[in-house]
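Morning, everyone. I have one structure to walk through, and I'll keep it brief.

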Amino acid sequence: MYYMTKGKYSYQKISPNDDDEYTYDAFISYSDDDRSFVLKDCLAKRDFMPGQDITVNITNCIHTSRTTVCLITRKFLESYYCMFEFNMARMESIYSRNGKNILFLVFYEQLEPKELPLVMLELVQKESYIEYPNDEQGNVVFWEKIKETLRTNIRA
């Protein structure tokens with residue numbers, strides 16, 4: 001809440017249908033240990049402003065993105081900043097997007113429900129998520145679902 005309040009004066013509230021107000025289609029949140037997966041599709045931290053506090057950069061990127069994609073792994077769950085990104089995206093959904101879910105969870109590892117924080121488990125039970133497949137055919141379907149979901153959020 002502190003970082004959303006702190007950033008409140010640096011950006012305005014965005015309504016869910018205001019496409020021109022978004023700088024990014026998606027903010028990708030992942031543990032740096034899992035970057036080999038993510039870097040196939042995006043450049044990590046390329047859009048962070050040098051000299052800005054990391055929390056301000058995170059908050060601004062989430063606010064200016066239509067969707068936040070969280071690549072969930074054990075390392076993600078252990079990372080302070082990954083969980084900060086997850087929680088900031090949740091707060092963005094509630095306070096700036098009128099309750100519209102902007103979180104898209106991708107489970108890169110098989111995790112037991114007991115390994116997930118309660119707030120994430122509640123989100124998984126209420127909202128859709130996708131698991132990364134371990135086979136080539138599933139991989140094709142996985143990437144199609146990712147594209148479909150991001151396109152849907154762009155049009156929403």
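**Strands, a loop and a helix**

Five bridges connect S2 to strand S3 (residues 103–107), and the two run parallel. Before I go on, this is a predicted model: local features need pLDDT of at least 70, side-chain atom pairs count only at pLDDT 80 or more, and totals for chains, interfaces and linings use all residues. Residues are numbered from 1 along each chain as its sequence is written, and side-chain values use heavy atoms, with hydrogens and water left out.

Some terms. Strands (E, at least two residues) and helices (H or I, at least four) are DSSP runs, numbered from the N terminus. Strands pair if DSSP finds at least two bridges between them. Buried is under 20% relative accessible area, exposed is over 50%, and partly exposed is in between (1.4 Å probe, protein chains only).

Back to S2. Val69 has Phe104 in S3 as its bridge partner. S2 also pairs with strand S1 (residues 24–29), parallel, over five bridges. There, Ser29 sits opposite Cys70. How many residues of S2 are buried? Eight of the eight, residues 65–72, so the strand is largely enclosed by the rest of the structure.

Now the loop between helix H5 (80–95) and S3, where we find Asn98. Its phi is positive, about 55°, yet Asn98 is not a glycine. Most residues other than glycine have a negative phi. Asn98 is exposed, at 57% relative accessibility.

Last, helix H6 (residues 118–126). Met120, Leu121, Leu123 and Val124 are buried. Down the axis of H6, its buried residues fall within an arc of 160° (directions from the helix axis to the C-beta atoms), so they line one face. The face turned away carries exposed Leu118, Gln125 and Lys126.
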